[in-house]
Amino acid sequence: MVMKKLLIMMFFVSNICFSQGVQTIGNSSGLMTPAQMGMSFFEVPIEGSPYMNEIFKKGKTIINGKHTSNALMRYDAYRDAIEIKNENDIARTLLRRSNIIADIDGTIYMVREYRESGENKLGYFTPLNEGFARLLKKPKKIFIQAENPENGYDTFKPAKYQDISMYYMQKGDSPAIETNLSKRKILSFLDDSSEILKQYIKKNELNMRLESDIIELLNYYNTQEMNKKTL
């Protein structure tokens with residue numbers, strides 16, 4: 001686990017005097033040293049990392065499905081951004097556009113519209129299958145502040161980046177919707193009244209809590225939808 005440091009600054013101000021309603025701090029010059037102010041610095045650990053992988057890896061950007069360019073890249077799951085190193089070894093952020101795809105060491109990051117808190121937003125997703133109905137994974141991390149113990153029996157909890165990656169389902173160009181890996185959720189998104197899908201799950205003993213089994217069902221569903229359109 002990657003360990004970072006968070007710099008904390010504390011002030012213990014003394015030598016404050018009041019003269020004729022004016023607050024004066026320090027010596028006659030009006031300046032104070034950190035020692036005079038009682039200022040101290042200390043570091044606390046930060047667990048984890050905002051990146052899915054700290055190391056820049058070989059990748060490429062694909063624009064409009066044609067033009068490609070190679071670069072060292074990494075994904076910031078806290079900011080939902082892709083960083084690219086240029087020829088001067090300086091990192092910059094890739095434009096978040098639906099026509100730009102990033103392939104980082106074989107992992108695809110595509111910009112898709114999704115629904116969150118009643119609003120449509122744009123964000124990076126990793127598609128787990130192709131076709132009309134898709135299962136998407138959204139890499140995401142949040143920052144949790146450090147917690148000081150309330151009493152002598154509790155332990156100090158350091159600040160950390162916590163992985164809360166989640167799954168989404170999407171049909172066509174409709175906004176992706178967050179989902180859980182469960183039979184009820186998957187069937188509800190596809191067609192909870194479809195006996196054909198239920199029979200397929202039962203016949204093939206699919207576990208709707210596994211990515212691989214859900215993808216198998218989605219591939220079957222997409223094939224059925226294509227057959228309907230060709231009839």
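Glu205 counts as exposed because its relative accessibility is 70%, where exposed means over 50% relative accessible area, buried under 20% and partly exposed in between (1.4 Å probe, protein chains only). Glu205 belongs to the loop between α3 and α4, and its phi is near 50°, a positive value in a residue other than glycine. Most residues other than glycine have a negative phi.

The structure is a predicted model, in which local features need pLDDT of at least 70 and side-chain atom pairs count only at pLDDT 80 or more, while totals for chains, interfaces and linings use all residues. Residues are numbered from 1 along each chain as its sequence is written, and side-chain values use heavy atoms, with hydrogens and water left out.

**Overall composition**

The protein chain contains four helices and 16 strands; helices (H or I, at least four residues) and strands (E, at least two) are DSSP runs numbered from the N terminus. Of the 231 residues in the chain, 33% are buried. Contact means heavy atoms within 4.5 Å. Among contacts between residues at least 6 apart in sequence, 51% join residues at least 24 apart.

Helix α3 spans residues 195-203, and its buried residues are Leu197, Tyr200 and Ile201. Seen down the axis of α3, these fall within an arc of 100°, so they line one face of the helix; the arc is that of the directions from the helix axis to the C-beta atoms. Gln199, Lys202 and Lys203 are exposed on the other side of α3. The cover over the buried residues of α3 includes α2 (183-190) and α4 (211-230).

In α2, the residues Ile186, Leu187, Phe189 and Leu190 are buried. They cover an arc of only 160° around the axis, which puts them on the same side of α2. The buried residues of α2 pack against β12 (133-138), β15 (166-171), β16 (177-179), α3 and α4.

**Helix packing**

The table lists two helix pairs; axes are lines fitted to C-alpha atoms, for helices over the stretch in contact, and angles run from 0 to 180 degrees between N-to-C directions.

| Helix pair | Packing angle | Axis separation |
|---|---|---|
| α3 and α4 | about 140° | 11 Å |
| α2 and α3 | about 145° | 11 Å |

α3 passes α4 in a right-handed crossing, and α2 likewise passes α3 in a right-handed crossing. A crossing is right-handed if the near helix is turned clockwise from the far one by less than a right angle, and left-handed if anticlockwise.

In the α2 and α3 pair, the contact is formed by Lys183, Leu187 and Leu190 of α2 with Leu197, Lys198 and Ile201 of α3. By class, this contact has four nonpolar, no polar and two charged residues. Ala, Val, Leu, Ile, Met, Phe, Trp, Tyr, Cys and Pro count as nonpolar, Asp, Glu, Lys and Arg as charged, and the others, Gly among them, as polar.

α3 and α4 are oblique to each other. Their contact involves Ile196, Leu197, Tyr200 and Ile201 of α3 and Glu216, Leu217, Tyr220 and Tyr221 of α4. These residues divide into seven nonpolar, no polar and one charged. Angles under 35 degrees count as roughly parallel, over 145 as roughly antiparallel, 65 to 115 as roughly perpendicular and the rest as oblique.

**The loop between β5 and β6**

Asn64 is found in the loop between β5 and β6 and has a positive phi of about 55° although it is not a glycine. With 55% relative accessibility, Asn64 counts as exposed. Gly65 lies in the loop between β5 (57-63) and β6 (67-76) and counts as exposed at 61% relative accessibility. The C-alpha atoms of Gly65 and Ile101 are separated by 8.0 Å, with the two residues 36 apart along the chain.
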